[in-house]
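Biologist: I have a model open on the screen. Could you walk me through it?

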Amino acid sequence: MPEPQTGAGPADGNTPGAEPDRDPAAADEPTSPPVPSDQPEPSAQPTAADQPEPSDQPEPSGQPESTATADVPAPRWSGSAPVPPPSPRRPAWGESAEPTPPQAVPVGPPEHQTPVDPWAGVDTGGWDLPSAELPPLPPTMPYPSPPSTRQWSGPPAPPVGPHPLPPQAAPVPPQAARPTMPSRPMSPPAAPPTPARPPKQRRGRRSDPPPPAPPPNWQAPKGYVPVPVRRRRRWPWLLLLTLACCCGCPAYYGFPISAQYPARVALPVQIEDLSLRQDSRSAETAKQLENEVRQEHWLAEDTFAGVYSTNSGKRVTVFGGTGFRLSPESDAEAEISRLTDRYALNAPETVDTGVRGRHERCAVGRADGSDVVVCTSVDYGSIATGVFTRLSVGDSATLLNTLRAQIVQPERG
């Protein structure tokens with residue numbers, strides 16, 4: 001039986017690793033039936049133990065090769081097509097086009113690596129250097145010996161160890177019965193002392209901690225004099241400022257009003273050397289002036305008018321009214337302006353009355369061919385105007401204040 005060839009190809013007659021070219025003309029032809037192989041099945045082949053050992057005699061050179069390999073015809077179509085090489089893969093979205101670098105080979109721990117001598121093959125024989133001799137160290141001072149202690153003269157210390165059991169008491173001989181004394185009633189235990197209650201603190205205020213105590217054996221520097229630091233309290237000043245703003249301002253502006261309003265009027269018959277004239281002509285003049293005051297000051301509560309004269313021939317005409325006035329200074333200027341045309345007054349002059357809330361104006365003019373001085377005085381509760389003859393501006397202003405004090409009387413004055 002011929003031996004199987006080690007270099008024989010597969011049963012279909014193709015060379016391993018190389019595919020035969022596909023014949024396009026043979027693609028449409030039917031496939032030839034398989035040719036049965038003369039080689040036995042693997043199961044039918046004898047095992048290594050059953051096969052005869054190869055002999056040392058050389059085979060005849062003229063013997064042909066295995067008839068099984070030579071008789072198998074090559075198939076016209078193997079049934080497999082050439083596979084084209086795969087196209088390069090397109091990178092996915094967000095993937096880098098650069099090739100991924102190879103991962104670094106992890107290095108094992110140093111204890112698993114072979115140690116390397118850095119001085120291997122180096123001549124180190126000439127490195128012995130002469131060492132310099134150092135001077136000997138000085139002797140050290142010995143420690144002083146501790147002072148001797150006296151022996152403890154107290155009672156001996158109890159032995160260390162388990163506590164010994166107390167000795168049993170000796171039996172006491174029976175004694176004669178003694179009369180029992182009545183026991184005193186025991187007093188109840190005293191109640192524990194009540195802890196002192198902490199001082200009540202005001203809300204909104206935090207008690208400052210006490211100042212730190214000086215260190216022990218501390219001495220003040222030379223020339224230092226301790227001065228107690230007083231805590232400044234600002235709330236009284238704030239309270240006073242609040243009271244001044246809330247009460248002081250209204251009182252400052254409200255006092256003149258309460259002192260001058262309301263007021264009442266009365267014409268006295270005699271004022272110093274002036275006498276009230278009560279003839280028909282003087283009464284008619286006073287009535288006319290009173291009506292004018294009522295028309296000009298329609299909010300007036302009461303009006304008055306009168307003509308006074310002296311034995312020397314001086315004549316004084318006074319008129320006005322009572323009622324609350326919000327701006328006395330403006331009313332005084334308006335009254336002088338109203339009388340300017342009647343008495344041909346010059347520029348008015350401001351006169352200081354010395355009373356807060358009272359304003360007075362005086363001006364020189366002419367009436368019935370003679371010079372006259374017209375003065376008006378206005379406060380929060382009344383208005384009074386006087387026409388004076390044969391007097392200066394200063395004397396006229398002083399006389400008007402005198403007449404006003406006698407005619408106008410505040411109800412709260």
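Predicted model: local features only at pLDDT ≥ 70, side-chain atom pairs only at ≥ 80, totals over all residues.

Modeller: The questions below go through the sheet, its helices, the salt bridges and a surface patch.

Biologist: Which residue in β9 is the bridge partner of V316?

Modeller: Strand β5 covers residues 315–322, and strand β9 covers residues 382–389. The two pair in the antiparallel sense over seven bridges. In β9, the bridge partner of V316 is F388.

Biologist: Is E335 buried or exposed?

Modeller: E335 meets R338 in a salt bridge, 2.6 Å from N to O. Both sit in helix α4; because they are three residues apart, about one helical turn separates them. R338 has 24% relative accessibility, so it counts as partly exposed. E335 has a relative accessible area of 3%, under the 20% cut-off, so it is buried.

Biologist: How many residues apart are D379 and R404?

Modeller: D379 forms a salt bridge with R404, with the closest N and O atoms 2.7 Å apart. The pair links distant parts of the chain: D379 is in the loop between β8 and β9, and R404 is in helix α5. Both D379 and R404 are buried.

Biologist: Which residue meets R325 in a salt bridge?

Modeller: The structure holds nine salt bridges. R325 has 11% relative accessibility, so it counts as buried. Its salt bridge spans 3.4 Å, N to O, and the partner is D331.

Biologist: What is the area of the nonpolar surface patch that includes L239?

Modeller: L239 lies in helix α2, residues 235–260. At 44% relative accessibility, L239 counts as partly exposed, because that value falls between the 20% and 50% cut-offs. W237, L239, L240 and L243 make the patch. Its area is about 460 Å².

Key
Residues numbered from 1 in each chain as written. Heavy atoms only, no water. Patch = residues over 30% accessible without salt bridge, like charges linked within 9 Å, V, L, I, M, F, W, Y side chains within 5 Å. Areas by Shrake-Rupley, 256 points an atom, 1.4 Å probe, with all protein chains shown as cover. Salt bridge = Lys/Arg side-chain N within 4 Å of Asp/Glu carboxyl O. Helix = DSSP H or I, 4+ residues; strand = E, 2+ residues; numbered from the N terminus. Buried < 20%, exposed > 50% of the residue type's maximum accessible area, 1.4 Å probe, protein only. Pairing = 2+ DSSP bridges.
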